[in-house]
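Colleague: Can you walk me through this one? I will ask as I go.

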Amino acid sequence: MALIAAAGFELLIGVVIGFVLFIIGLFFKQIIVFDSIALGIIAGFAANGIGHLGTALSIGIGAGVFVLLLFLQMTKIGFWLIGVLLSVLWGFIFAFVAWSVTDKSPFWTYGVWVVGALLIMLLHLWSRKNMNQI
């Protein structure tokens with residue numbers, strides 16, 4: 001019985017590692033899709049938790065946000081608007097981590113914010129190029 005439990009635990013660890021690697025790969029290869037999925041999930045949870053809407057309606061709102069963001073990022077204006085805003089947001093998230101780790105050093109905080117936003121914008125451009133090849 002212990003052998004079966006150990007094999008099941010190993011399988012579970014493999015699935016979790018595979019899922020984490022999938023998410024990381026999606027972030028780096030198709031950040032447009034990753035952002036759309038993440039914001040769709042956030043919108044669904046916000047609709048349910050903050051708006052106190054039903055579960056089915058919240059899932060619909062999350063799916064709608066996902067489709068809308070994916071569609072908007074296929075247009076030139078939508079891509080630049082959403083891409084720049086999300087790049088600045090990701091840069092801010094990285095800067096917050098740098099701020100926390102470096103004892104609130106403004107040099108590292110702003111430096112990481114700028115470099116992080118630029119790198120994420122490059123990922124958005126690369127993702128758009130990859131999506132146009134499909």
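Modeller: Take V33 as a way in: setting aside neighbours within four places in sequence, V33 is in contact with L26, F66, L70 and M131. Contact here means heavy atoms within 4.5 Å.

Colleague: Before that, what kind of model is this?

Modeller: This is a predicted model, in which local features need pLDDT of at least 70, side-chain atom pairs count only at pLDDT 80 or more, and totals for chains, interfaces and linings use all residues. Residues are numbered from 1 along each chain as its sequence is written, and side-chain values use heavy atoms, with hydrogens and water left out.

Colleague: Fine. Where is V33 placed?

Modeller: V33 is in helix α2. Helices are DSSP runs (H or I, at least four residues), numbered from the N terminus.

Colleague: Is V33 buried or exposed?

Modeller: V33 counts as buried because its relative accessibility is 18%. The cut-offs are under 20% relative accessible area for buried and over 50% for exposed, with partly exposed in between (1.4 Å probe, protein chains only).

Colleague: How far is the C-alpha atom of V33 from that of L69?

Modeller: Those two C-alpha atoms are separated by 8.8 Å, and the residues are 36 apart along the chain.

Colleague: Next, at what angle do α1 and α2 pack?

Modeller: The angle is about 115 degrees, and the axes are 5 Å apart. Axes are lines fitted to C-alpha atoms, for helices over the stretch in contact, and angles run from 0 to 180 degrees between N-to-C directions.

Colleague: Which residues make the contact?

Modeller: From α1 there are I23, L26, F27 and K29, and from α2 there are I31, V33, F34 and I37. By class, that contact of α1 with α2 has seven nonpolar, no polar and one charged residues. For the classes, Ala, Val, Leu, Ile, Met, Phe, Trp, Tyr, Cys and Pro count as nonpolar, Asp, Glu, Lys and Arg as charged, and the others, Gly among them, as polar.

Colleague: What sits in the loop between α1 and α2?

Modeller: Q30 is there, between α1 (2–29) and α2 (31–49). Q30 has a relative accessible area of 13%, so Q30 is buried. Beyond the neighbours within four places in sequence, Q30 is in contact with G25, S127, N130 and M131.

Colleague: And the loop between α2 and α3?

Modeller: H52 is in that loop. H52 has a positive phi of about 55 degrees although it is not a glycine. H52 counts as exposed because its relative accessibility is 67%.

Colleague: On to α3. What span should it have, and why?

Modeller: Helix α3 (residues 55–72) should span 26 Å because it has 18 residues at 1.5 Å a residue; its end C-alpha atoms are 25 Å apart, which agrees. The expected span is 1.5 Å times one less than the number of residues.

Colleague: Which residues of α3 are buried?

Modeller: S58, G62, L69 and L70 are buried in α3. Seen down the axis of α3, the buried residues fall within an arc of 105 degrees, so they line one face of the helix. The arc is that of the directions from the helix axis to the C-beta atoms.

Colleague: And what is on the other side of α3?

Modeller: A56 and F71 are exposed there. A56 counts as exposed because its relative accessibility is 64%.

Colleague: Where does L68 fall, then?

Modeller: L68 is in helix α3 too. L68 counts as partly exposed because its relative accessibility is 48%. The C-alpha atoms of L68 and S36, 32 residues apart along the chain, are separated by 8.4 Å.

Colleague: Change of topic: how many residues has α4?

Modeller: α4 has 26 residues and reaches 37 Å from first C-alpha to last, close to the 38 Å expected. Its buried residues include F79, I82, L86 and W90.

Colleague: What happens at the start of α4?

Modeller: A side-chain oxygen of T75 reaches to within 3.1 Å of the backbone nitrogen of G78.

Colleague: Last one. What does T109 touch?

Modeller: T109, in helix α5, touches A95, A98 and W99, not counting residues up to four places away in sequence. T109 counts as buried because its relative accessibility is 10%. The side chain of T109 also reaches the backbone oxygen of S105 at 2.7 Å.

Terms used: Helix = DSSP H or I, 4+ residues; strand = E, 2+ residues; numbered from the N terminus. Polar contact = N/O pair within 3.5 Å; in protein donor to acceptor, adjacent residues only side chain to side chain.
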